[in-house]
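Welcome, and thanks for opening your viewer. Let's walk through this structure one selection at a time.

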Amino acid sequence: MKRRIVTIAIGAISTALLLSAFTLLLWKGPWWADGSQFGRGLTPGEGAIVTGFRTTIVAFGAGILAAGSLAYTHLNHKQSRESLLRSQENFAEQAELTRESLRQSENNATQQAEISREGQVTERYVAAIRLIASENPTEQLGGIYSLERIMRDSAKDHNTVVEVLAAFIRQHAKSVPGMSYSGDPIQAALDVIARRPDREEQFDIDLRRVALFGCTIDSADLRNVNLYKAELTDVAFEECNLSYADMTQTTLVRCRFNRCELTEVELGFGEVTQTTISGGTAHELYATQTNFTNCRFFHTDLKNSDFEGADLHNAYFRRANLEGVDFTDSCLFGTHFSPQSNPSLILLLRAHIFTSTRLPKALDGNSEVAGRIQQTEEEWRDTRHTHSMGQ
């Protein structure tokens with residue numbers, strides 16, 4: 001403030017001095033410049049000189065005044081521009097501070113909402129667990145559907161809910177003589193797993209040693225599911241993806257796999273009875289040492305599957321793709337190959353072929369096949385004779 005007052009005072013004094021100098025120059029300037037030529041009285045010529053001098057001084061002064069005005073205007077403009085820039089910088093800083101404050105407020109609000117939501121989810125989860133732990137089927141259903149709602153609302157709880165439902169099925173799906181239906185809670189748990197959201201899962205669904213009766217599983221993603229030593233009776237799989245599933249030593253009775261994906265399924269050492277696999281893909285199905293009794297393979301792509309040592313008693317391959325299927329040491333007693341089936345002759349000759357085996361018409365009259373049938377029948381008679389002698 002003091003500096004501004006000093007500046008104003010200096011400016012006022014300078015202005016006063018300049019005005020005084022200008023007035024004095026205007027008054028005495030002609031005589032200072034050429035006074036020796038003037039007499040006591042001015043002639044018209046001398047008066048014209050004085051007037052011209054003074055006019056020049058006035059013009060010069062006006063020019064200085066104009067230049068000063070321009071300089072002053074430029075200075076004010078520069079100061080105004082600097083002031084505007086400082087104001088803009090201050091505004092930008094204030095705006096950034098405001099935005100940061102808003103972001104912090106939003107983060108705090110989001111954190112509070114997340115904490116509140118997680119608390120609510122935890123309460124709902126605890127309540128659902130209490131319900132499915134009940135012995136009342138209706139309460140179990142309520143708990144299962146509550147878990148489904150939690151799974152859909154909270155992606156971070158997806159894996160936990162699926163594992164809990166799988167554990168519920170393992171705990172309650174037991175083998176009971178004469179049972180025809182596993183019950184609504186088990187079916188509901190299977191339904192929820194089947195229609196779960198499509199999210200990345202870090203685990204395989206564990207259904208080892210479960211016993212399911214009369215259940216339907218529709219459009220389920222069951223890739224890598226673990227059904228080791230499971231017992232499935234009258235279970236229908238509709239358009240399910242069971243690729244890479246572990247079904248080792250699994251028992252399947254009157255089951256149906258309709259338009260299912262069974263690529264690289266492990267079905268070795270199992271017991272499969274009156275089961276139908278139709279309209280699906282089962283590339284590289286591993287079914288060694290598995291007993292298939294009265295089973296049906298309709299319109300199924302079994303390319304490069306392995307039936308080594310399998311018992312295909314009365315099995316029926318209708319319009320099945322048998323390209324590259326390994327029948328080494330498999331029993332084809334009563335096995336029926338439709339005319340459209342295409343087993344490899346080389347691989348088929350490694351199987352045990354009987355007179356009851358109905359081969360594709362393309363192999364009728366084949367001498368190698370006839371020789372293999374004769375060899376198998378002789379081995380079979382020898383085995384039966386040895387067995388009877390032993391008794």
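Which residues in H3 meet which residues in H5? Before you select them, two notes on reading the model. This is a predicted model, where local features need pLDDT of at least 70 and side-chain atom pairs count only at pLDDT 80 or more, while totals for chains, interfaces and linings use all residues. Residues are numbered from 1 along each chain as its sequence is written, and side-chain values use heavy atoms, with hydrogens and water left out.

**Stop 1: H3 and H5**

Select Pro-137, Gln-140, Leu-141, Ile-144, Tyr-145, Glu-148 and Met-151 in H3, then Asp-184, Pro-185, Ala-188, Ala-189 and Val-192 in H5: these are the residues that meet. Contact here means heavy atoms within 4.5 Å. Sorted by class, the residues of this contact are nine nonpolar, one polar and two charged. For these classes, Ala, Val, Leu, Ile, Met, Phe, Trp, Tyr, Cys and Pro count as nonpolar, Asp, Glu, Lys and Arg as charged, and the others, Gly among them, as polar.

Now look along the two helices. The axes of H3 and H5 come within 9 Å and cross at roughly 10°, which makes H3 roughly parallel to H5. Axes are lines fitted to C-alpha atoms, for helices over the stretch in contact, and angles run from 0 to 180 degrees between N-to-C directions. Angles under 35 degrees count as roughly parallel, over 145 as roughly antiparallel, 65 to 115 as roughly perpendicular and the rest as oblique.

**Stop 2**

Next, select residues 158–172, which form helix H4, and keep H3 (residues 137–153) in view. The axes of H3 and H4 come within 8 Å and cross at roughly 155°, so H3 is roughly antiparallel to H4. Their crossing is left-handed, a term for the near helix being turned anticlockwise from the far one by less than a right angle (right-handed if clockwise). On the H3 side, pick out Gln-140, Ile-144, Leu-147, Ile-150 and Met-151; on the H4 side, the contact is made by His-158, Val-161, Val-162, Val-164, Leu-165, Phe-168 and His-172. This contact has nine nonpolar, three polar and no charged residues.

Then bring back H5 (residues 184–194), which packs with H4 at an angle of about 150°, the axes being 10 Å apart. H4 and H5 are therefore roughly antiparallel to each other, and their crossing is left-handed too. Highlight Leu-165, Ala-166, Phe-168, Ile-169 and His-172 in H4, which meet Pro-185, Ile-186, Ala-189, Leu-190, Val-192 and Ile-193 in H5. The residues of this contact comprise 10 nonpolar, one polar and no charged.

**Stop 3**

Move on to Asp-218, which sits in strand E2 (residues 216–218).

Leaving aside neighbours within four places in sequence, Asp-218 is in contact with Ala-194, Glu-238 and Cys-240.

Ser-219 lies in the loop between E2 and strand E3 (231–233). Its phi is near 55°, a positive value in a residue other than glycine.

**Stop 4: Thr-300**

Finally, select Thr-300, in the loop between strand E10 (296–298) and strand E11 (311–313). Thr-300 counts as buried because its relative accessibility is 1%. Follow its side chain to the backbone oxygen of Ile-277, reached at 2.8 Å. Not counting residues up to four places away in sequence, Thr-300 touches several residues, including Ser-278, Ala-282, Arg-319 and Asn-321.

**Zoom out**

How many helices and strands does the chain have? Its secondary structure comes to seven helices and 13 strands; helices (H or I, at least four residues) and strands (E, at least two) are DSSP runs, numbered from the N terminus. Of the 391 residues in the chain, 35% are buried.

Conventions. Buried means under 20% relative accessible area, exposed over 50%, partly exposed in between (1.4 Å probe, protein chains only). A polar contact is a pair of N or O atoms within 3.5 Å; within protein, one must be able to donate a hydrogen and the other to accept it, and residues adjacent in sequence count only if both atoms are side-chain atoms.
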